[in-house]
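Hi there,

Here is the structure I promised to pass on to you. Please open it first, and then read my notes below with the model beside you.

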Amino acid sequence: MDAHTFHLAIDQQVELLEKAREAELQLSNEDIAQANSKALSTRGLALLNLCISRSYTGLGGKSVVELSPDSSLVSGGIPAHGLKTGDIVKIQEQLSSSIKKSQKKETQDEGLNGVVIRSGSQKLAVALDMDKSYLPIDTAKRLRVVKVANDAPFKRMMQTFLDLKAKQPEDLPSIIKIAFGLAAFFPPVKSEIRLDFFDDQLNEVQKEAVSFALEATDLALIHGPPGTGKTQTLIEIIRQLAARDLKILVCGPSNISVDNIADKLGPFRIPMVRIGHPARLLPSVISTSLDVAIKYSSGGMLVNDIRKEMDEKLNTSKKTRNGTERRKLWEDIRDLRKECKVRERRCTEDIVRASKVVLSTLHGAGGRDIIRQNFDVVIIDEAGQALEAQSLIPLVRGPSKCILAGDHLQLPPTIPRTDKTSSLRKLELSLFERIIKLHGPLIKRTLSVQYRMHEMIMKYPSIGLYDSLLLADVSVRSHLLSDLPNVIKTDETQEPLVFWDTNPHGGFGEDDTGAHESKSNAMEAALCRYHLRNLLEAGVQPKDIAIITPYNAQVALLSGLIKSEFPDEFSEIEIGSVDGFQGREKEAILLSLVRSNEKKEVGFLADERRLNVAMTRPRRHLCVIGDSGTVARGSVFLKGWMDFLEENADLRYPDAIMLQQ
């Protein structure tokens, strides 16, 4: 790639990002404007019948409001919902369902914008994007909280591309040059010095990957198929780098990907700090968060005193009726907020500077807390799931070395699902995959020994996607559900791979939900219930079982069915989408494929990467439920899988009497 082609590639990425942002914002706005409150709540996009129970000053002088259910309408606390910590939301007056759509559209932009910082059973806390002495909504009325699109990551990615385009190719960091083919990659020279490994549990393949990453001059990739100990390998690399007194930035596309590293790194007492609001982090890593570090620093104690003073003045302003006095109080509060931010910034810089390892999301790596620091090495985990623009955020300032870890054969980066989705497909090419396509196998090391799946569960993903390279470690090669404590031997617990094929009956037929709606299949859901009952009766613990499916409508259908049939076990049985299960595992997985139709259409079931995630989640038992006649017509990969199941799985055919039972 020459300089001209590089700039054209940047322009194309900028254009695609703008389209993706417009699509996501449009979807969000249409949801709010067109759907009534109850529909939004059912879809997990809103919480209804709330009132503001408390307001106070939070981190950085932000105004925080706590919302609780209206006790006259809701009992038993906040109902189940889809809002998570870190979600961008809008607090609005809850309009009557009889309000016309035109009126709803007029009010869709009204309300308070903020970020969910805490979600509990009794209240929801939201940090507001405002600095005002009044709330521009009637707090005496019932309120709703609606999830909206987050525009901030797109702005940061766009800025990254603009920064790159502003430079001449010769001035770009060497990592960027190699990544885009503007410079050649030279494999590292193997060191003659024997490396002393901290972790004596590493296998030979993992040791080779660690050595490769440490010896690389500028860029190294660690390819980690499912269950191969990628995180364990990365922890060893980080410990080795820290022992060499190098400053390391560890990033990932999501909070959970970063927290996973922070959690495993914690016991080794390396000076580290996790950037990000504590409410967004796993409880096990809170102690390493920047906020906790600030709280217990000498400067942080002064910050806390300033916050208390702000809260006192805020409470006084609510009680006073004198306009002049109220304005004076808010002038004082604004001055205190400025002082609070300045002192917090100083504390942050001191703490980050003193840490050998700094951990942040890729988006967070472009924040003020990090951009002023220089890092020797940047490590990006789950790089196959990150948008290319995301991965470039921590690299644009030119660290000496970058180590990317991930699996481009599992789920790609997420893009908005709209009628324009096909035009955005190019965004699914991650930086990780681009580099592999450009430089081939010499730039990576692949971990090949997996410690999760029974050999039979592992076999087809290995054949179909990993060139038959995967090997099952002896500790998992033949393990079964019947080997677990208190589990009896049955037809289910002694089989690692079961396939309920509905094709001999002409398929069960997916439910007619419309061309653009999520799909469901009621009979497959009933078959899931039947197989689940057999597992539970055999003594398999509910917490060890998950039911997954590619379609959200099937998730909803299964949830209702399983809750009604198994009310006591329901809270422990995980039911979710394939996309939400990457990086997870269970002893037993039930997989409902859903698609069954005369046209033999399989939709995004044809995506090999999504199926790879689905079939590699279980440890001891995978039960596949589907119509082989439809699924096999979807792709060569799916045809191969159906043939493999027919030859190797415990093949079963359901009947109506069995399902009625």
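**What I found**

The buried residues of helix α11 pack against β2 (63-69), β9 (272-274), α9 (290-295), α10 (298-319), β10 (357-361) and α12 (368-371). Here, helices (H or I, at least four residues) and strands (E, at least two) are DSSP runs, numbered from the N terminus. Buried means under 20% relative accessible area, exposed over 50%, and partly exposed in between (1.4 Å probe, protein chains only). A contact means heavy atoms within 4.5 Å.

Before going on, a note on the source: this is a predicted model, in which local features need pLDDT of at least 70 and side-chain atom pairs count only at pLDDT 80 or more, while totals for chains, interfaces and linings use all residues. Residues are numbered from 1 along each chain as its sequence is written, and side-chain values use heavy atoms, with hydrogens and water left out.

**The whole chain**

The chain has 21 helices and 21 strands. Of its 661 residues, 54% are buried. Among contacts between residues at least 6 apart in sequence, 76% join residues at least 24 apart.

**Back to helix α11**

Helix α11 covers residues 323-354, which is 32 residues. From first C-alpha to last it reaches 47 Å, close to the 46 Å expected at 1.5 Å a residue (the expected span is 1.5 Å times one less than the number of residues). Its buried residues include Leu-329, Trp-330, Ile-333, Leu-336, Arg-337 and Cys-340. An α-helix has 3.6 residues a turn, so residues three or four places apart point the same way. At the start of α11, a side-chain oxygen of Asn-322 comes to within 2.9 Å of the backbone nitrogen of Thr-324.

**Two ways of pairing strands**

Two strands pair if DSSP finds at least two bridges between them. Strands β3 (residues 88-93) and β4 (residues 112-119) are antiparallel, with four bridges, and Lys-90 stands opposite Asn-113 in β4. Strand β4 also runs antiparallel to β5 (residues 124-128), with five bridges. A hairpin of four residues links β4 to β5, and Arg-118 stands opposite Ala-125 in β5.

For parallel pairing, look at the open sheet of six strands, in the order β18-β17-β19-β20-β16-β21. Strands β18 (574-577) and β21 (650-652) are at the edges with a single partner strand each, so one side of each has no neighbour in the sheet. Strand β17 (residues 545-549) joins β18 through four parallel bridges, with Ile-548 opposite Gly-576 in β18.

Where does Phe-499 lie? Phe-499 is in strand β16 (residues 497-501). Phe-499 is buried, with a relative accessible area of 1%.

**Nonpolar cores**

A nonpolar core is a set of buried Ala, Val, Leu, Ile, Met, Phe, Trp, Tyr and Cys residues joined through side-chain atoms within 4.5 Å. The largest core has 54 residues, and Leu-219 and Leu-404 have the most contacts inside it. Helix α1 (residues 3-34) gives the most to this core, with six residues. Apart from this core lies another, of 37 residues, including Ile-457, Tyr-460, Phe-637 and Phe-644.

Enjoy exploring!

Technical notes
Polar contact = N/O pair within 3.5 Å; in protein donor to acceptor, adjacent residues only side chain to side chain.
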